[in-house]
Amino acid sequence: MHLSTHNWMRAEPLETTLKRIKKFGYESIEISGEPEQYKTKETRALLKEHGIRCWGAVTLMLGERNLAARDQGQRERSVQYVKDVLTMISELDGEIITLVPATVGKVVPDGTEEEEWKWVVDATRECFTHAKKVGVKIAVEPLNRFETYLFNRGAQALALADAVSPECGVCLDAYHIHMEEFNVHDAIRQVGKRLFDFHVADNNRFAAGLGQIDWPKIVATLKEVGYDGALTNEFVAPVDRTPAAPYPDMVERHPVDISPEQLKFIQDHGSSVLTEKFYTDQMRITAETLLPLIK
């Protein structure tokens with residue numbers, strides 16, 4: 001195992017992110033799933049310069065992106081988006097994308113269970129075919145019930161992966177599984193060898209080590225099932241707007257270089273654009289918590 005991180009949680013130049021994570025012992029990064037933001041030739045050069053490899057990306061299912069949509073045109077556009085993310089990661093020598101099949105924040109179905117299952121399986125199969133072509137793996141990621149109604153537990157993600165291909169995998173997220181699973185360790189064991197990626201934040205979605213999750217036991221269970229991929233940092237610290245706030249200077253009041261869509265995505269996760277100091281501290285704390293356990 002090695003330590004990785006997403007970068008969608010704060011809008012900043014990629015070079016700034018790479019300098020920060022390198023000094024804390026991160027080995028790789030999961031690039032924000034927005035292919036239009038990255039020129040892969042320049043990004044490859046930056047990664048090489050800072051000694052950080054691309055592990056993969058997570059699909060950012062914003063707006064109309066939805067593999068389970070009733071509208072065929074919407075599904076086709078969503079499939080093309082996933083294909084574009086796969087191509088970007090292939091060009092960056094990455095290994096994986098974590099696929100969130102439905103729109104984040106959408107909690108009302110478009111059809112019956114049978115209709116949606118056919119739509120999402122057919123769309124994911126098309127994505128998987130492209131993934132095989134470009135040499136990148138797909139891992140289906142379940143989210144908690146407040147972010148999606150469709151895939152909330154590892155068993156559900158595994159059912160979609162099984163319907164697509166034995167070579168399709170699952171990504172679990174420590175934050176989500178501690179909300180949704182009956183037993184988080186059994187959930188990891190059930191996915192087993194099909195676990196392709198693992199995201200980390202504590203039960204309060206702050207950095208690993210700032211909540212109640214038993215990280216030594218989580219890492220031990222991952223080792224038990226033979227997981228040898230990334231532990232990818234994905235804290236989304238909740239913003240406290242009251243006088244009880246323990247971190248009054250955590251929010252960047254004048255964010256730059258962030259699109260309205262990305263800002264809404266972060267805000268929909270209960271957060272906002274974090275200040276550089278607070279964000280850096282969260283990166284450091286995660287590394288200090290997890291690196292001793294995986295080395």
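Over residues 19–242 the chain is 42% helix and 16% strand, with the end C-alpha atoms 33 Å apart. Helices (H or I, at least four residues) and strands (E, at least two) are DSSP runs, numbered from the N terminus. The model is a predicted one, in which local features need pLDDT of at least 70 and side-chain atom pairs count only at pLDDT 80 or more, while totals for chains, interfaces and linings use all residues. Residues are numbered from 1 along each chain as its sequence is written, and side-chain values use heavy atoms, with hydrogens and water left out. An unreviewed UniProt entry annotates residues 19–242 as "domain: Xylose isomerase-like TIM barrel". UniProt positions are given here in the numbering used for the model, feature names are shortened, and annotations may be inferred rather than shown by experiment.

Threonine 5 is buried, with a relative accessible area of 0%; buried means under 20% relative accessible area, exposed over 50%, and partly exposed in between (1.4 Å probe, protein chains only). Its side chain reaches the backbone oxygen of asparagine 233 at 3.4 Å. Not counting residues up to four places away in sequence, threonine 5 touches Ile21, Tyr26, Ser28, Ile29, Glu30, Thr232, Asn233 and Met283, where contact means heavy atoms within 4.5 Å.

Cysteine 54 belongs to strand S3 (residues 53–59). The C-alpha atoms of cysteine 54 and threonine 5 are separated by 10.0 Å, and the two residues are 49 residues apart along the chain. Cysteine 54 is buried, at a relative accessible area of 4%. Beyond residues up to four places away in sequence, the residues it touches include Ile29, Leu47, Ile89 and Asp93. Aspartate 93 itself is in the loop between H3 and S4 and is exposed, with a relative accessible area of 52%. Although it is not a glycine, aspartate 93 has a positive phi of about 60 degrees. Most residues other than glycine have a negative phi.

Arginine 205 also has a positive phi, of about 70 degrees, and is not a glycine. Arginine 205 is found in the loop between strand S7 (195–200) and helix H8 (215–224), and it is buried, with a relative accessible area of 5%.

The next site is the loop between strand S4 (96–99) and helix H4 (113–134), which holds threonine 103. Threonine 103 is buried, its relative accessible area being 8%. A polar atom of its side chain lies 2.6 Å from the backbone oxygen of arginine 65. Leaving aside neighbours within four places in sequence, threonine 103 is in contact with Met61, Leu62, Gly63, Arg65, Asn66 and Glu147.

Helix H4 has 22 residues and reaches 31 Å from its first C-alpha to its last, close to the 32 Å expected at 1.5 Å a residue; the expected span is 1.5 Å times one less than the number of residues. Its buried residues include Trp119, Val120, Ala123, Cys127 and Phe128. The buried residues of H4 pack against helix H3 (72–91), S4, strand S5 (137–140) and helix H5 (154–164). Lysine 118 also lies in H4 but is exposed, with a relative accessible area of 52%. Its side chain makes a polar contact with the side chain of aspartate 122 (2.7 Å). A polar contact is a pair of N or O atoms within 3.5 Å; within protein, one must be able to donate a hydrogen and the other to accept it, and residues adjacent in sequence count only if both atoms are side-chain atoms. Lysine 118 and alanine 68 are 50 residues apart in sequence and 8.4 Å apart in space, C-alpha to C-alpha. H4 is followed by glycine 135, whose phi is positive, near 80 degrees.

The largest nonpolar core contains 96 residues, of which Leu67, Ile138, Ile188, Phe198, Leu222, Tyr227 and Leu231 touch the most other members. Such a core is a set of buried Ala, Val, Leu, Ile, Met, Phe, Trp, Tyr and Cys residues joined through side-chain atoms within 4.5 Å. In soluble globular proteins, nonpolar side chains tend to be buried together. Leaving aside neighbours within four places in sequence, phenylalanine 198 is in contact with residues including Cys171, Ile188, Leu222, Tyr227 and Leu231.
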